[in-house]
Amino acid sequence: MKKISIILLSLLLLFSPLTTINVQAEDFSVAAKSSIAVDASSGKILYSQNATDSSTRIASITKLLTAYLVYKSVDEKKIAWDTKVPISDYAYNLTMNSNASNIPLAKGTEITVKDLLNALLLPSANSAAIALAEKIAGSEPKFVDMMMDQLKEWGITDAKLYSSSGLPNSELGENIYPGSTENDANTMSAQDVAIMCTHLLKDYPEILKITEKTELEFDKGGQSETTLSNTNQMLPGFATTRAGVDGLKTGSTSFYVDCFAATTVQNGFRIITVVLESKNSSEDNATPFSLTNSLMNQVYASWTKIQIADKGTQISDFPSLPVQDGKKNTVNLVAGEDLSAVVPFKSGTADTNAISISFDKKAQTAIEAPVKKGEELVQATAVQKDKLGYLPGFSGYHFPLTAENDVTRANIFVVIWNSFVRFVNEKL
């Protein structure tokens, strides 16, 4: 029998200073132009509201893609964390713009990639984004081209990007992207932002070691030394704090924080939430954080985590494979790792009815000896089937079925005889 042990959802949701209200999904909405919530490990959509509207302005949430390309460039050894980055006149002059989020920078200085990344993520320093873009690509327009290429690699084709910082062209003077207009600004759908965040956390989870900080030192001992403060007001020390939140990034349009891509872990699973162009943010700058808190409450009240397979145990749907030319005719299969999935939580019970498991091989597919214990022989995929589905590019929970034991190869005479028998059966 397939072993499924259910991890019961705690009836006491994580309380914060904000009011926690449990409501049914059909009665719940977010006071924003668009929003979405997804399971970070699988891309399973857990809530969606006008989430594919690609006309939504994302402002400084753009910087998460800039950060991704910084990590990627370090990975590819094009730059290092201690690489010194010169601050161009374009980046420096932007620090004089009171409409743009920034940090004070001394003219003509050089700042490390690591410090600039910290400044990009915490106080949302626009000059840091531009300096990094120029260092990596040679110019900001070329970096924007890299950004668009990365989005296309993820299957995102409806986004429009013009700057590495998220600033609208109206704030960039003569430095706007070639062929764009003064009225252009970066736009993406909430779903696109969720795809970007999911890839970011999968590929570079270490970013959370930065975004979880409320403060960090900048350019210590240098001419631009200062303390960076995080704009994420759901971190400890703020009125809208919520335990478990450790990222990701705010965005401001019309001078108000009204966009927020967040992530948190509760009840054993991590989610990503996106709230874009929240309403009434001009009246209360905490609005996107309050809305995110409500969305997180809704998700954790509506979904829970179950254990689908325990590492080392058999799956009843696929217990073994036939072995060709082995001293044993079959090899037992076991789950190569623990596997859990997020399923609907209804009336105090986890609903597992919509979970289905598929395999990349048929049960009668023979494999050739020898077989090593722990060898991955079958890939299994567990899928939650519902109208919400998964983010584009994501298709469920994937885990391997591995050999439970060794199967050595038979002696040469047995192998020859087996080959003869197969030839007779197949050809004659």
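Begin by selecting Asp 325, which takes a positive phi near 60° in the hairpin of β12 and β13, where five residues lie between the strands. Strands here are DSSP runs of E with at least two residues, helices are runs of H or I with at least four, and both are numbered from the N terminus. The model is predicted: local features need pLDDT of at least 70, side-chain atom pairs count only at pLDDT 80 or more, and totals for chains, interfaces and linings use all residues. Residues are numbered from 1 along each chain as its sequence is written, and side-chain values use heavy atoms, with hydrogens and water left out.

**The sheet around the hairpin**

Two strands pair if DSSP finds at least two bridges between them. Within this pair, Leu 321 has Val 331 in β13 as its bridge partner.

Leu 333 stands opposite Ala 403 in β19.

Gln 324 stands opposite Glu 368 in β17.

Now display the whole open sheet, whose six strands have the order β16-β18-β19-β13-β12-β17 with mixed pairing. Its edge strands, β16 (355-359) and β17 (367-368), each pair on one side only.

**The helix pair**

Select α1 (residues 63-75) and α3 (residues 113-121), whose axes come within 10 Å and cross at roughly 160°. The axes are lines fitted to C-alpha atoms over the stretch in contact, with angles from 0 to 180 degrees between N-to-C directions. The crossing angle therefore makes α1 roughly antiparallel to α3 (over 145 degrees).

Show the side chains of Lys 63, Leu 64, Thr 66, Ala 67, Val 70 and Tyr 71 in α1, which meet Val 113, Leu 117, Leu 120 and Leu 121 in α3; contact means heavy atoms within 4.5 Å. The residues of this contact divide into eight nonpolar, one polar and one charged.

**Confidence**

Finally, colour by pLDDT, the predictor's confidence in each residue, from 0 to 100. The protein averages a pLDDT of 89, and 89% of the residues score at least 70. Over residues 1-24 the pLDDT is below 50, although this stretch has 59 contacts in the model beyond near neighbours in sequence. Where pLDDT is low, the predicted coordinates should not be read in detail.

Conventions. Angles under 35 degrees count as roughly parallel, over 145 as roughly antiparallel, 65 to 115 as roughly perpendicular and the rest as oblique. Ala, Val, Leu, Ile, Met, Phe, Trp, Tyr, Cys and Pro count as nonpolar, Asp, Glu, Lys and Arg as charged, and the others, Gly among them, as polar.
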